[in-house]
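Please take a look at the sequence and the structure shown here. A short briefing follows it.

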Amino acid sequence: MKSTPTLEQAQQEVVDEFALFADWQDRYEQIIEMGKDLPLIAADLKTDDNLVRGCQSRVWLHARLAPDPDGGPAVMQLTADSDALITKGLVALVVRVLNNRTPEEVLEAKLDFIDRIGLREHLSPTRSNGLASMLDQMRRYALAFSR
Amino acid sequence: MDSRPEAEATTRFDAGAVRADFPILERRIHGRPLVYLDNAATSQKPRPVVEAMAAYYATINANVHRGVHTLSILATEAQEAARETVRGHLNARHAHEVIFTAGTTASLNLAAFSLGQLLLQPGDEVLITGMEHHANIVPWQLACARHGAVLKVIPITDEGELEESGDAHFTERTRILAFTHASNTLGTVNPAKHLVSRARQRGIVTVVDGAQAVPHMAVDVQDLGCDLYAFSGHKMFGPTGIGVLYGREEVLERMPPWQSGGEMIDRVTFQHTTYAKLPFKFEAGTPHIAGIIGLGEAVRWIHGNDPRAMAAHEQALLEHATRELLTIDGLRIIGTAREKVGVASFTIDGVHHYDLGTLLDQQGIAVRTGHHCTQPLMDRFGITGTTRASFAPYNTAEEVDALVAAVIKAVNMLR
């Protein structure tokens, strides 16, 4: 039986991966590659309903509550997309860390890995971008699912 | 116009001497020298402006027009001296035609609220253009909604100019024409004098958004002939939080006040209030005294630095940037009007402006990305945003080259 890493382990993995990069260019190239690799959200889910409005870049996020295959509590399955590659890469990281976790875990998650890999600026309110709005939206889904 | 005189102006103009007045330009961002090309959002502040504001707080801070004590008199004198400086800069007939506001947005809200009340009846029309900033759209939408009036829009061409038939959009119901002197997104300079004169022939009140024009050109409001002219201090080397609404005396006298409170009244009883004379009728509450003094100093700084040479230098930077940017594969300049201020807005095929802005920032280059508060204009061009480089006199050709090199590097990373 595969064991899902804890949320903290998943974040640490990302931090360790990024520790290998010497400069901004390597870091961003990695983010951009992750953006290119992110499975696109199914076309029928890329709707205005699933659009998280940001001023600069747009993010589409879909969340569904699915039974855990191992018989545990139901988990949130996330798919997402963005029209900007860097946002998409960051979204991919967030999805990687939070996918298949219970709504309670998502609600309690302290996501500090974005800060720790030196990309906190993407959560700055001045960016008014899709990433911060997407995290808010994810928590709203989790709150709705946990009721 | 032949480009040679401008090139010569660049050689004559000493951007280095101007730069020395702006301590912030010595900063490094992400370990790289700062290349500040977001001047249309806000300009940097020269040392004399910063020092004048600090000196006000340090030496003469007091409320204006209220006390008989020495400090209050000194503060009032400094504020009114700044008003006179701004009057001279605009060549307004009277200092009391200069109303201090919080900025262009506040000026336009004042204009729309007050003129709406004064002029608009159900079925009347307010005419704007397709290149307006949201601050010159939404206040008019609200005024139209309050008075049952209709908002009409002069369309723009693919080049980003007003359609030639612009004044064909005047009808007998048009009461107000509100338009931008220079577009923040496209750089387009509109034929303001022509539009104003056509409107005035029909008795239409004219409101000009000068936020992007005042930093780049001499604006003579008497020559222009407009009724109201709005602009901000912070885009013309002055502080944030201070702006101006110039108004012709005859129009301002007829306009009802917008905000109310202290300073703007003559006499208050619980039955009736009579208002103070101009400009105080429109300046409720304690004004941004330090900001007014800083704005006055900014105007003095402009005149101390050969504004014509600075404008020519900006034009040379714009031409250089446009030429070099167009060598990049898939790059399209949004806004190719014949007459522009120093704004180069562009899109690049397959590259999102957010990604580009992020990667430019990593290289120390500050530009604006997004819709620039002109969403209808973005819809007109079928885009979601642009990357915008905008120039000030302290920018150099080397900085333009740094921008182009950084864009190429970013595009290579993103494709």
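Predicted model: local features only at pLDDT ≥ 70, side-chain atom pairs only at ≥ 80, totals over all residues.

Residues are numbered from 1 along each chain as its sequence is written, chains are lettered from A and ligands numbered from 1 in the order in which they are written, and side-chain values use heavy atoms, with hydrogens and water left out.

**Chain A as a whole**

- Chain A holds six helices and three strands. Helices (H or I, at least four residues) and strands (E, at least two) are DSSP runs, numbered from the N terminus.
- Read from the N terminus, the order of elements in chain A is α-α-β-β-β-α-α-α-α.
- The radius of gyration of chain A is 15 Å, which agrees with the value near 15 Å for a compact globule of 147 residues. This radius is taken over C-alpha atoms, and the globule rule is 2.2 Å times the number of residues to the power 0.38.
- The C-alpha atoms of chain A fill a box of roughly 45 × 35 × 25 Å along the principal axes.
- Of its 147 residues, 46% count as buried. Buried means under 20% relative accessible area, exposed over 50%, and partly exposed in between (1.4 Å probe, protein chains only).
- In chain A, 64% of the contacts with a separation of 6 or more join residues 24 or more positions apart. A contact means heavy atoms within 4.5 Å.
- The accessible surface of chain A is about 7,500 Å², and carbon and sulfur atoms hold 51% of it. Such areas come from the Shrake-Rupley method with a 1.4 Å probe; for residues, only the protein chains shown count as cover.
- Chain A carries 17 positive and 23 negative side chains, with the centres of the two sets 5 Å apart. Lys and Arg count as positive and Asp and Glu as negative; His and the chain ends are not counted. Each charge is placed at NZ of Lys, CZ of Arg, CG of Asp or CD of Glu.

**The sheet of chain A**

- Three strands of chain A form an open sheet in the order β1-β2-β3, with antiparallel pairing. Two strands pair if DSSP finds at least two bridges between them.
- The edge strands are β1 (51–52) and β3 (75–82) of chain A, and each pairs on one side only.
- β1(A) runs antiparallel to β2 (residues 59–66) of chain A, and two bridges join them. Val52(A) stands opposite Val59(A) in β2(A).
- Strands of a sheet pair through backbone hydrogen bonds, either parallel or antiparallel.

**Chain B as a whole**

- Chain B has 14 helices and 17 strands. Its radius of gyration is 22 Å, close to the 22 Å that the globule rule gives for 415 residues, so chain B is as compact as a globular protein of that length.
- The C-alpha trace of chain B spans about 70 × 55 × 35 Å along its principal axes.
- In chain B, 58% of the 415 residues are buried.
- Chain B exposes about 16,600 Å², with 52% supplied by carbon and sulfur atoms.
- It has 37 positive and 46 negative side chains, and the two centres lie 3 Å apart.

**Strands of chain B**

- Strand β7 (residues 174–180) of chain B is mostly covered, with six of its seven residues buried.
- β7(B) pairs in the parallel sense with β5 (residues 125–129) of chain B over three bridges. Here Glu125(B) stands opposite Thr174(B).
- β7(B) also pairs in the parallel sense with β8 (residues 205–209) of chain B, over five bridges. Ile176(B) stands opposite Val205(B) in β8(B).
- Val153(B) lies in strand β6 (residues 150–154) of chain B. It is partly exposed, at 43% relative accessibility.

**Backbone exceptions in chain B**

- Most residues other than glycine have a negative phi, and most peptide bonds are trans.
- A cis peptide bond, with omega about 0°, joins Leu278(B) and Pro279(B).
- Phe237(B) is not a glycine, yet its phi is positive, about 75°. Phe237(B) is buried, with a relative accessible area of 3%.
- Cys373(B) also has a positive phi, near 55°. Cys373(B) is partly exposed, at 24% relative accessibility.
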